[in-house]
Amino acid sequence: MAGRRPQRRREFGTVRRLASGRWQARYVGPDGTRHKAPETFDTKTDAQDWLNLVRADIDRNQWRNPDAGAVNFEKYALRWLEERGLAPTTVDRYSGLLRLHILPTFGGKDLDEITPPSVRAWRAERRKATGATTVAKSYRLLKAILQTAVDDDLLPTNPCRIKGAGKEEADERPTATVEQVFDLADAMGPRWRLMVLLGAFASLRPEELAELRRHSVDLDECSLRITHASPELTNGKRVTGAPKTRAGKRTVYLPDFLLPELRRHLRWFAEKEPDGLLFVGEKGAPFRRSTFGRKWRKARKQVGMPDNFRFYDLRHTGNTLAADTGAKLKDLMVRAGQSSERAQLIYQHSTAKHQRKLAQGIDAEVRQQLNESLAGKRTTREG
């Protein structure tokens, strides 16, 4: 009895000759869907070789759905924002970068249509149209979104491959002298004078100042307890919550020359309730960036500060003065509410005693600079 002939192994996929004379390869993938090669082939052998490579990828669990990247980038990016659990201020910032700098170019494309050359061309165009810092932030955001697409198996690799493109090289920010800080405070008027002084000599952020309340103030210790922040979004809405980082919750000890300023402000301008806001407008409304901004620009011009000098830049004055006292790096970080992952900082500690000493150092430095400024003005008048 003749032996049974061995069963021929079933071929993977199919090839067929098209009317053009070229060969097309097709197969059914692990997802149960029929796929075809992205291009046609000169010969039947070439088409079969391509199928053999696909079969090998499937056997090694390295097969990727070739249609996975056919997902609209704008829809994917907006869903990415929703699913990240980001802080409202971060969502606000990322939404602006997407709307203004990324979606106009990539919004109508599918994920797999975004290629390294198209990313390079987009970055080159943005660098001509806007600042280098904004371009770096936009590139980092685009790269993060597309990296998630890689992790979701929608893209084989990330098309953002430009070395150093996400690194910010911002210009050095202008710093106000002690005399200029007081001139700005005078120009802003009595109601907003303390806000300027605290922005500089306490290194407080605008969103921290906006949420300061009477119970935040300890007149005996001449200190402020920072527990909340109230950043303002681009739509004018404020989002009140904990500071951005854990380091943001802190006690800031003030130089003694600010105590009379603090007492006067509490008596004249702060809301009267125990939890009342320290800074409110003339009509009792909470601090608003738009209204304050108009006053700030006018005061800045009056004092002769450059147009790019922001309220936030006042922190540079305070941080510089604090550093000049010889304080430890950890003490400086605590005062400014800054975080760092540097390992050695874990073993350093900042105590209330250190913070009080730091404030006293700022007090002495400011008084000295003011005296020198007054002496210089007297000499000028006498001369």
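**Close-up views of a predicted model**

**View 1. The open sheet β1-β2-β3.** Three strands form an open sheet in the order β1-β2-β3 with antiparallel pairing, where two strands pair if DSSP finds at least two bridges between them, and where helices (H or I, at least four residues) and strands (E, at least two) are DSSP runs numbered from the N terminus. Because β1 (14-17) and β3 (34-36) stand at the edges with a single partner strand each, one side of each is left without a neighbour in the sheet. Neighbouring strands of this sheet are turned by 25° against each other on average, direction ignored. This is a predicted model, in which local features need pLDDT of at least 70 and side-chain atom pairs count only at pLDDT 80 or more, while totals for chains, interfaces and linings use all residues. Residues are numbered from 1 along each chain as its sequence is written, and side-chain values use heavy atoms, with hydrogens and water left out.

**View 2. Strand β2 and helix α1.** Strand β2 (residues 23-28) pairs with β3 in the antiparallel sense over 3 bridges, and R26 stands opposite K36 in β3. Helix α1 (residues 44-59) lies across β1, β2 and β3, running at about 25° to β2; axes are lines fitted to C-alpha atoms, for helices over the stretch in contact, and angles run from 0 to 180 degrees between N-to-C directions.

**View 3. Helices α2 and α5.** Helix α2 (residues 73-83) and helix α5 (residues 132-151) pack at an angle of about 95°, with their axes 10 Å apart, which makes α2 roughly perpendicular to α5 (65 to 115 degrees). Residues in contact (heavy atoms within 4.5 Å) include F73 and W80 of α2 and L141 and L146 of α5.

**View 4. Helices α12 and α13.** The axes of helix α12 (residues 329-336) and α13 come within 10 Å and cross at roughly 80°. Among the residues making this contact are L332 and R335 of α12, together with L358 and I362 of α13.

**View 5. The largest nonpolar core.** In the largest nonpolar core, which has 47 residues, L198 and F201 touch the most other members; such a core is a set of buried Ala, Val, Leu, Ile, Met, Phe, Trp, Tyr and Cys residues joined through side-chain atoms within 4.5 Å, buried meaning under 20% relative accessible area with a 1.4 Å probe and protein chains only. The largest share of this core, 8 residues, comes from α7. Leaving aside its neighbours within four places in sequence, F201 is in contact with residues including V178, F257, L321, R335 and I362.

How values were computed. Buried < 20%, exposed > 50% of the residue type's maximum accessible area, 1.4 Å probe, protein only. Parallel < 35°, antiparallel > 145°, perpendicular 65-115°, else oblique.
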